Amino acid sequence: MPARSTLQFLGAAGTVTGSKFLVCDGDVRVLIDCGLFQGLKALRLRNWKPFPFAAQDLSAVVLSHAHVDHSGALPLLVKRGFRGPVYCTSGTADLLEVMLLDAARLQEEEAGFANRHGYSKHHPALPLYTTADAERALRLLAPRPRGDSFVVRHGVSARFRQAGHILGSSTVELRLAESPDAIVFSGDLGRWKRPILHDPELVQHADVLLLESTYGDRVHGVDASAQLARVINETVDRGGVLVVPAFAVGRTQELLWAIRKLEDDDKIPVLPVYVDSPMAVNVTEIYARHPEEHDLEMRLLTDARRSPLSSHRVELVRTVEGSRALNERSGPMIVIAGSGMATGGRVLHHLHRRLPDEASTVLLCGYQAAGTRGRALEDGAKTIRLHGQDVAVRARVERLDGFSAHADRTDLLRWLRGFKSAPREVYLVHGEPDASAGLADLIRTQLGWSVRVAQDGETLELAPS
Ligand SMILES: [Zn+2]
C-alpha cells in the first residue's frame, strides 16, 4: 500500500532560496514556506515554471518567517488559485505587509523596465505577480501565537517556536493524522546572545528533521562590534563614506543598535547615519511595535524611553530626491541602504558613486549568494557592472559575518544538542552544496547521527500509523 503521508522537497534543496516543502497527509496538503528563488538566473527562472502541484488543491500554507526566500512566492500561489489560510506569527504577518507589497512592486518595475528597453522575450513583459496579487495574499494571513499547537486542517496540527532569526521567525513542528511522525522544520535559525531578539528555542523531539545549513561550513567572527568599530574608524580617518548594503529586515536594525552602542561607549565618533530605504524605516517601526519579540536588554533600553534602534544622528531617507542628494555629500558618514546583496535598490547608486573612491568602504555584513554583485565584491572583483557600466572598485571592501542573523555551525550544533534523542531522519536544506556537505560531516562526527543532504524534488515517505 502506498504511504498515506509524504514530504516533498520543492525548493531550498541544494540551494539557499525558494524554500518550499509539500506535506501530503491523506487528503490534506500543506505547504511549508513559499519562497522565491533568487540569485543565479537559472534559479530565478524557476519562479516562472508551474508549481508541481495544483495551487487550488492546497489546504493551507505554514510560514516559518517573512524573508522573501521563504514567503515571496505567496502572491504567485494566490494568483494561481490558492485560497486557503496562511498560518504565521503576528510578527511575520506585520512584516509580510511591507515585504510582499515591496516584492510585488519590484516585479512590476522589472517588467516595466523590460518593456521600455525591449529586452523581454514576451511582449509585453508581465510581472511575476502584481500588487493586487500581494494584497489578496495578505488577506489570507492567519496569525497564530508561538507555543501552543493549532489545527491546520482536519487531523493536521502545527506549532511555532522561537527561531531567533528575525522578528516573527519560528521553527515549525507538524503533526499528522495518517502518520505518527513529528516533522520539524528549522526554517532559518538565529544565534544565541544577539541583541534585540530572543535566543532560538530548543526542540526536544522530531522523527524527521529538516535543518537549514546556510552557514554549515562557517564559524562567525566572535566580536562583530569591535570589527565594525575598526571599519568605521578607518573610514573616518580617510574621510570616506561607509556604504553598507543591508537587508531591510533584521540587519538594518542590528546595525543601528551596534552603531548606537559604539557611540554610547565612545568607541566611534558620532557620525551622520543615513538609513536610505523606506522599507527599512517601516520595518524598524514594526520591530519597535512587537515587545513580545524583544529580549531583556532591548526591553530595558526601550523602558529608558529612547529607541535603541537608532543612532545619535540618524536620518531616515524616504524620498528618491533625498537618496540622490546623498551623492553630493562628502564623508565621513554612513549610508545603510538595500538591497543586502546589491541585487537592486538604492544601494546601487551609492555603490556607483563610492566604489571608485579609495577613501570609502563598502561593508558586506550578510550572506552574499552566488551570482549577486555582493558576492562579486566579496570575491574581490576589480569592476562591478552597474547601470550598464563597468565601475572600478577602488574603495575598500570589508566583510563582517559576525552580523549574520543565521546560526553558524557552532549554533546549529548547539540547537541540535537540544534534541533528547536523534531524529530518525535528518535532511539538510537551505544551503549551497559545500555548506551542506560540511555540516553533514560535522553532525556525523560530533553527534553520530545519520544525515543526508536533501535532493531537489525528492519525495520522502513518512511512517504509516
Ligand atoms: Zn531568513
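Helices (H or I, at least four residues) and strands (E, at least two) are DSSP runs, numbered from the N terminus. This is a predicted model, in which local features need pLDDT of at least 70, side-chain atom pairs count only at pLDDT 80 or more, and totals for chains, interfaces and linings use all residues. Residues are numbered from 1 along each chain as its sequence is written, and side-chain values use heavy atoms, with hydrogens and water left out.

**Exercise 1.** State how many helices and strands the protein has, and compare its radius of gyration with the globule rule.

Solution. Start with the elements: there are 14 helices and 22 strands. Next take the radius of gyration over C-alpha atoms; the globule rule is 2.2 Å times the number of residues to the power 0.38. The protein has a radius of gyration of 22 Å, close to the 23 Å that the rule gives for 465 residues, so it is as compact as a globular protein of that length. Finally, the C-alpha trace spans about 70 × 55 × 40 Å along the principal axes.

**Exercise 2.** Find what share of the residues is buried, and describe the largest nonpolar core.

Solution. Buried means under 20% relative accessible area, exposed over 50%, and partly exposed in between (1.4 Å probe, protein chains only). By this cut-off, 58% of the 465 residues are buried. A nonpolar core is a set of buried Ala, Val, Leu, Ile, Met, Phe, Trp, Tyr and Cys residues joined through side-chain atoms within 4.5 Å. The largest such core holds 75 residues, of which Leu-74 and Leu-77 touch the most other members. Helix H4 (residues 90-117) supplies the largest share of this core, eight residues. A second, separate core has 30 residues, among them Ala-12, Val-172, Ile-183 and Ala-454.
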